[in-house]
Amino acid sequence: MLKYLKELCLMDGVSSFEDNVRDYIINELSPVVDDMRIDALGNLIVFKKGAKRVKGGLMLAAHMDEVGFIVRKIEDDGYIRFSAVGGIDARVVLGRRVFIGKDMVPGVTGLKAIHLVSAEEVKRVPKIKEMYIDIAAPDKASAEKKVSLGDKIVFDSDYLEFGEDKVKAKALDDRVGCAVMMNLAKQDLPCDVTFVFTCQEEVGCRGAFGAAFSVNPAYALVLEGTTSADISNVPAEKKVTRLGAGPVIGCMDGSTIYDEGLFRMTAALADEAGIAWQIKQYIAGGTDASAIQRTREGVRVANISVPVRYLHSASTVACGKDIKDTLKLAQLFVRAIAEGKAGK
Amino acid sequence: MDILKTLNTLNACFGPSGREDEVREAIKKLAKPFADEMKTDAMGNLYVRKKGNGAKVMFSAHMDSIGVIATVVEDEGFIRFGRVGGISPATLLSSTVRFANGTRGVVQKNEDAKLDKLTLQEMYIDIGVANKEEALKHVQPGDMAVYDAPSFLTPGGMIVSPYLDDRICCVAQLMALEKLKKTDNDVWFVFTVQEEVGLRGAKTAGYIVDPDYFVVCDVTWSDDTPKAEHFASSVTGKGAAIKIMDGSVIAHPQVVKLLNDIAKQKKIKVQQDVLKGGGTDAGAIHVSRAGVPSSGVSVPIRYCHYAQEMAALSDVEDTAKLLAAFAENKF
């Protein structure tokens with residue numbers, strides 16, 4: 001499996017609480033890059049010199065943050081009420097082990113017991129606001145010694161390589177992108193590259209906007225994890241993407257129409273290298289490209305994503321080959337930009 | 001400049017959101033004799049400038065049309081698709097569409113799909129080939145398609161055409177450019193991209209031009225069809241529609257007043273345009289950088305986003321006149 005991926009996935013980094021992930025990346029990359037800075041929002045902006053300069057500059061972006069929760073209320077009996085940070089399907093929240101706050105206080109998500117549930121309630125998915133986290137505190141005062149309002153909450157999930165070339169972890173969206181960028185940053189590059197590890201993507205591409213404004217590149221490649229519903233009884237157009245079918249090249253999603261020239265260039269690079277690729281077969285979702293593309297005078301944006309099952313849950317699953325091929329294709333992309341193949 | 005002829009030149013181009021290249025090249029050719037300067041930005045917006053030392057006045061009309069995008073080519077050769085902009089099952093059903101390479105097909109629905117609950121997922125494009133292999137020779141996943149429909153004039157002076165939103169306003173801007181007399185103003189006619197998917201091109205255009213005044217030229221709903229729900233205040237044939245508000249912008253009162261004053265002085269037929277929803281480039285541009293006093297001049301159309309939209313020729317003339325007069329105004 002790709003270097004750094006395991007360590008990255010095991011780290012917690014709920015939107016706006018990306019510190020741990022950022023510190024890890026800084027620590028790993030500081031010996032091999034030329035400049036690093038953290039901006040006001042918390043984006044980590046890393047510059048590495050390459051063999052040449054590209055006119056206007058090339059930026060790569062992947063987001064550090066993951067979906068999670070935040071403490072909303074502490075009840076008199078010590079239970080914790082919480083809200084989602086980012087888009088989480090309530091169906092994947094119940095019965096999970098979670099960690100709260102900087103001290104990683106363990107807890108479990110719960111709901112009223114089944115014998116208290118009415119026939120009507122059984123038919124619908126409970127809302128997150130009806131759930132609670134049990135940290136086994138006897139009362140509010142005891143709970144408040146461990147947990148504060150506004151604390152982040154993250155899924156507890158291990159990293160597991162299993163089955164045929166598959167990996168299971170939390171936050172593959174978008175630690176796969178971060179891992180791809182870290183591996184690239186360790187290499188000699190054909191041109192100068194600014195690697196931006198963005199914050200707050202999951203709550204609406206909030207970090208990327210400021211990062212793109214300060215970096216002001218001509219080209220941007222966004223590396224992501226994207227949804228896959230490749231289950232047997234789902235029709236092709238609703239699978240969105242398929243695991244093992246190769247990197248997903250950005251053509252169009254719910255918030256961006258990617259630069260046509262760069263889309264065609266990336267697809268041609270994959271074809272030449274014998275890398276299988278796919279596009280999203282359902283037009284939905286979005287990436288940091290939506291913010292980057294429309295910054296300042298406009299940026300030509302491209303996207304390569306790894307298909308991920310059970311996105312935004314505690315157990316996200318991806319295919320090792322897709323991840324490795326995403327790195328390979330990203331390398332080819334950087335080289336093509338260095339060689340002036342982007343045209344226009 | 002002949003309205004229908006110019007419109008047909010633009011209509012012959014392929015130009016859904018994000019694929020505006022052909023439209024841009026055609027507009028460049030038409031604008032060249034009148035422009036001091038032209039440029040294109042990273043997103044594909046076209047800037048046509050008449051240089052001056054006075055106020056910087058910006059207009060925009062979007063080049064893109066709504067469309068669909070091929071997602072899955074099925075074994076039998078049928079093509080599933082997603083939407084590009086605000087296109088709905090009811091407007092698409094049984095229409096003809098064309099791809100960039102000229103491939104044409106009809107849009108139909110699964111046999112068991114219910115008309116009143118129709119979703120895009122139940123629809124497909126039939127390009128009339130035997131199987132997937134044959135289909136892939138003509139259409140790849142990711143290829144976009146647009147309505148394929150004729151344009152003609154009615155005896156009552158109406159134009160019927162696809163993509164009136166917003167090619168008819170591209171025509172109006174070109175007419176205004178042609179009419180424009182010598183002025184000290186620095187006038188920018190911008191032809192934007194990706195309006196239909198969320199005012200995306202306008203965002204960078206506003207940043208680049210950084211204008212003193214902005215007037216969007218787009219279509220607006222016409223409230224003159226049977227049982228119209230008063231979604232808008234304008235109607236076809238009653239003149240250029242001066243924007244007071246739409247779903248994305250509340251026009252600057254002084255720009256609205258100025259447009260009305262100019263119209264009165266130059267005897268241009270106008271009406272006041274309040275649109276309860278929808279959005280225009282003004283939505284992105286009025287909040288660009290430090291903010292821009294903005295309004296709009298719209299052409300009311302019937303059947304917006306259908307394969308055949310309808311507008312009054314006279315409204316297009318009035319719109320072009322008002323744009324030119326505003327561009328010449330001493331600020």
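In chain A, the axes of helix α5 (residues 172–185) and helix α10 (residues 320–338) come within 10 Å and cross at roughly 50 degrees, where axes are lines fitted to C-alpha atoms, for helices over the stretch in contact, and angles run from 0 to 180 degrees between N-to-C directions. This is a predicted model, in which local features need pLDDT of at least 70, side-chain atom pairs count only at pLDDT 80 or more, and totals for chains, interfaces and linings use all residues. Residues are numbered from 1 along each chain as its sequence is written, chains are lettered from A and ligands numbered from 1 in the order in which they are written, and side-chain values use heavy atoms, with hydrogens and water left out.

The helices are DSSP runs (H or I, at least four residues), numbered from the N terminus. At that angle α5(A) and α10(A) are therefore oblique to each other; angles under 35 degrees count as roughly parallel, over 145 as roughly antiparallel, 65 to 115 as roughly perpendicular and the rest as oblique. From α5(A), the contact (heavy atoms within 4.5 Å) is made by A:Val176, A:Val180, A:Asn183 and A:Leu184, and from α10(A) by A:Ile323, A:Thr326, A:Leu327, A:Ala330 and A:Gln331.

Let me turn to chain B. Helix α2 (residues 21–31) and helix α5 (residues 164–179) of chain B pack at an angle of about 20 degrees, with their axes 10 Å apart, and α2(B) and α5(B) are therefore roughly parallel to each other. In this pairing B:Val23, B:Ile27, B:Leu30 and B:Ala31 of α2(B) meet B:Arg167, B:Cys170, B:Leu174 and B:Leu177 of α5(B).

Helix α5(B) also has a partner in helix α9 (residues 313–328) of chain B, where the axes come within 8 Å and cross at roughly 50 degrees, so that α5(B) and α9(B) are oblique to each other. Among the residues that meet there are B:Ile168, B:Ala172 and B:Met175 in α5(B), and B:Val316, B:Ala320 and B:Leu323 in α9(B).

Finally, the interface between the chains. Here 28 residues of chain A are in contact with 27 residues of chain B, and the area buried between them is about 2,200 Å², of which carbon and sulfur atoms give 61%; buried area is the accessible area (1.4 Å probe) that two parts lose on being put together, summed over both. The count between chain A and chain B is 2 salt bridges, each a side-chain nitrogen of Lys or Arg within 4 Å of a carboxyl oxygen of Asp or Glu. A salt bridge joins the side chains of A:Glu260 and B:Arg19 (3.4 Å, N to O).

Key:
Helix = DSSP H or I, 4+ residues; strand = E, 2+ residues; numbered from the N terminus.
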